[in-house]
Amino acid sequence: MDLNLELGNIVIMKKPHPCGGNEFEITRLGVDYKLKCCTCGREVMIPRIKAQKSIKSVKVVDNE
């Protein structure tokens with residue numbers, strides 16, 4: 001799957017975070033992705049390949 005991800009995008013993951021939320025904000029892109037949970041604010045870093053497999057969808061947010 002070809003994902004066009006940018007910093008600040010909100011992604012919905014297949015598995016929820018232990019706090020119950022499944023929406024994460026992308027705060028770093030590269031070999032590892034740094035994701036910030038939108039529910040509790042905790043940040044996690046996961047490898048790019050694992051992150052791309054775990055992303056269910058990308059939420060469209062208008063930045064106007």
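Me: Before we start, what counts as a contact here?

Reply: Contact means heavy atoms within 4.5 Å. Keep in mind that this is a predicted model.

Me: Thanks! Which residues does Asn9 touch, leaving out those up to four places away in sequence?

Reply: Asn9 touches Asn4, Phe24, Glu25, Ile26 and Val58. Asn9 itself sits in the segment before strand 1.

Me: Why is Asn9 called buried?

Reply: Buried means under 20% relative accessible area. Asn9 has 17%, so Asn9 counts as buried.

Me: And how do you know that Leu35 is buried?

Reply: The reasoning runs the same way: the relative accessibility of Leu35 is 3%, and the cut-off is under 20%, so Leu35 is buried. You will find Leu35 in strand 3.

Me: What does Leu35 touch, beyond residues up to four places away in sequence?

Reply: Its partners are Met13, Phe24, Glu25, Ile26, Thr27, Arg42, Glu43, Val44 and Ile46.

Me: Which residues is Met13 in contact with, apart from neighbours within four places in sequence?

Reply: Met13 is in contact with Asn22, Phe24, Leu35, Ile46, Ala51, Ser54, Ile55 and Lys56.

Technical notes:
Residues are numbered from 1 along each chain as its sequence is written. This is a predicted model: local features need pLDDT of at least 70, side-chain atom pairs count only at pLDDT 80 or more; totals for chains, interfaces and linings use all residues. Side-chain values use heavy atoms; hydrogens and water are left out. Helices (H or I, at least four residues) and strands (E, at least two) are DSSP runs, numbered from the N terminus. Buried means under 20% relative accessible area, exposed over 50%, partly exposed in between (1.4 Å probe, protein chains only).
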